[in-house]
Amino acid sequence: MSRMLSWRRGGTWGPRSGAPTPRFDSASAIVISSPDDLARLKPRFMRALSDKFDAEALAGRLVPVLLEDHSVAIFALAEHVGSDQADELARRIRERGGASSGPVRYVLAAPLLLAISRRQLSGQVLGPPAGNRVSSVRTAPAEAFQDVVEWGVRHGASDIHLNVRQGEPESEIKYTVAGQYLAPERFRRLPTSTLFDMLCVAWMDIQGGNGAVFDPGIEQQGSLQRQVDGKRIVLRWSSLAADAGPSVCLRVQQDAAAGLPTLEQLGYLPDQVRSIRRVMLSESGAVIIAGVVGSGKSTSLAALITGLPAHRKVVTIEDPVEYRIPGAIQNTIARHLDTDTHAGFASKLRSLKRSAMTDVLLGEVRDPETGRAFMDLAGSGVNVYTTIHAPSAQRIPDRLASDFIGVPREFLATSGMLKLLIFQALLPLLCRHCALPMQSLLRTDAQWEAHPSGMRWTEWLNLVHALYGRELDLCRVRNARGCESCRHGQPPELHGYAGRTISAELYEPDLAAGPALSAMDAAVCKARQGLIDLRDIEARFHAFETEAMRRSAHGVPSGFQGLKVAS
Ligand SMILES: [Zn+2]
């Protein structure tokens with residue numbers, strides 16, 4: 001070994017000798033953001049050379065790689081591309097004749113770098129993987145997983161989906177952002193083995209999970225925490241042993257102790273917030289929030305509870321705790337699919353009932369056991385707040401009475417028992433900088449695709465006007481090209497959008513036969529203010545043509561004011 005070398009075998013750095021190298025300017029590194037970018041690289045990428053340069057211990061951060069022209073380049077994570085270790089690696093590559101100057105440094109996302117360092121991704125078929133040191137085996141998939149989580153959190157994803165396709169070379173990572181199921185370029189075409197390694201390592205940090213190791217053959221649940229940009233993020237893990245391989249869904253929950261959004265900030269209309277506050281003044285009975293998966297029910301519930309006065313004793317029963325609610329006594333009761341914790345659930349409930357609480361948040365009613373808990377609590381005269389999967393506010397009693405949950409109809413029909421039923425949906429907000437006037441749909445030169453039903457846009461606009469009146473001047477439509485403000489770092493499916501908003505319907509069974517304003521109409525209210533694209537309302541609820549047919553079937557007059565009965 002030459003005296004010039006300062007890199008010791010085994011991954012420690014010794015004293016340097018030789019001339020100092022000028023600092024590398026990190027901004028000059030070339031970014032490879034996806035496997036497709038990598039495939040287009042000229043000269044072509046061949047394989048990792050970590051073993052040749054004794055750099056296995058750095059594999060999660062820095063990887064020397066061979067290119068087709070026999071030069072050696074450095075692939076690095078952004079935060080390591082200009083590090084001392086990268087400089088040392090560069091020096092070593094030059095000394096071994098791997099690069100006349102440089103070498104060229106590239107910045108890669110952690111999962112991609114991981115796949116390359118583990119030789120799961122290469123320009124040609126390779127020999128057996130190098131014997132990586134234990135530390136790099138442990139940390140590289142963890143960093144890759146962190147990268148996956150960070151992307152989701154920074155893009156406001158409600159869920160991260162890691163779909164392992166066993167038996168296929170590539171698997172996928174998808175995100176639910178603003179209700180859309182997206183595959184960002186950055187994580188496309190990931191080797192299946194890389195994804196699998198990431199899941200195995202991530203599961204090691206799971207809390208309250210069933211199983212000591214990640215098991216692709218069974219359904220597993222649990223939660224884990226990560227820090228992203230200084231904030232604590234809770235991920236609820238739920239895996240499905242699907243035919244093609246394990247499909248892991250991570251529900252992203254931000255710890256909102258410092259500032260849960262208010263109901264208004266979430267998107268509830270001022271009148272609706274007033275009604276909720278009014279209903280919450282009365283003693284006993286249930287407030288239930290329904291919605292589809294990922295519609296933000298738990299967030300709304302937490303926001304609602306946070307508004308309770310300090311003289312009420314609030315207890316929560318959650319599986320697991322999703323938000324820290326100031327002043328509330330929170331209880332995690334984990335119930336697993338394959339373990340018998342039901343006795344524990346029942347005894348916890350009995351203790352809670354003796355604790356003289358006035359208000360209880362029951363995370364979700366979803367099966368006979370939580371159905372019984374709901375009945376037990378609501379029947380004992382405390383205020384109960386919970387969530388449920390149901391397609392509308394009016395269908396909540398049907399869902400509770402269904403065979404899946406089994407709450408008797410007589411119980412539900414008791415006056416005051418179902419105090420307030422809410423249904424909410426989450427819709428993307430238009431970017432206020434680039435949204436276009438709705439009339440631009442009529443421009444023939446423009447970007448518009450046809451209406452999904454094949455209707456011409458003039459016909460569609462006439463229908464919308466007939467349904468909702470002429471006051472649609474402020475309505476705007478999404479600019480799919482986006483602008484500087486909304487495009488940055490976002491996948492193309494989200495260009496033209498900025499954030500999300502809830503549209504909700506409120507139903508007090510004791511007072512009326514249905515909600516005064518349907519969630520779809522609440523969304524139309526926002527579209528009239530130019531906040532939501534009417535076309536997104538159709539996609540989330542139903543076509544305006546269907547709405548017109550429903551109205552005529554129910555004898556409801558057209559026009560926005562005439563709406564008293566929905567569905
Ligand atoms: Zn924009």
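Modeller: Let's go with Asp229, which is exposed, with 8 other C-beta atoms within 10 Å. Keep in mind that this is a predicted model. You'll find Asp229 in the loop between β12 (221-228) and β13 (231-242). Its backbone is worth a look too: phi of Asp229 is near 50 degrees, a positive value in a residue other than glycine.

Arg189 also has a positive phi, about 55 degrees, and isn't a glycine either. Arg189 sits in the loop between β10 (180-182) and β11 (190-191). For another backbone detail, go to Lys42 and Pro43, which are joined by a cis peptide bond with omega about -10 degrees. Pro43 belongs to the loop between α1 (35-40) and β4 (45-48).

Now for the inside. Buried residues make up 42% of the 567 residues in the protein chain. The largest nonpolar core has 150 residues, and Val65, Phe75, Leu113 and Ile422 have the most contacts inside it. Strand β20 (residues 418-430) gives this core its largest share, nine residues. Leaving out residues up to four places away in sequence, Leu113 touches Val63, Phe75, Leu77 and Leu108. As for the whole protein chain, its secondary structure comes to 17 helices and 23 strands.

Key:
Residues numbered from 1 in each chain as written. Predicted model: local features only at pLDDT ≥ 70, side-chain atom pairs only at ≥ 80, totals over all residues. Core = buried A, V, L, I, M, F, W, Y, C linked by C-beta atoms within 7 Å. Buried ≥ 20, exposed ≤ 12 C-beta atoms within 10 Å, placed from the backbone. Helix = DSSP H or I, 4+ residues; strand = E, 2+ residues; numbered from the N terminus. Contact = placed C-beta atoms within 7 Å.
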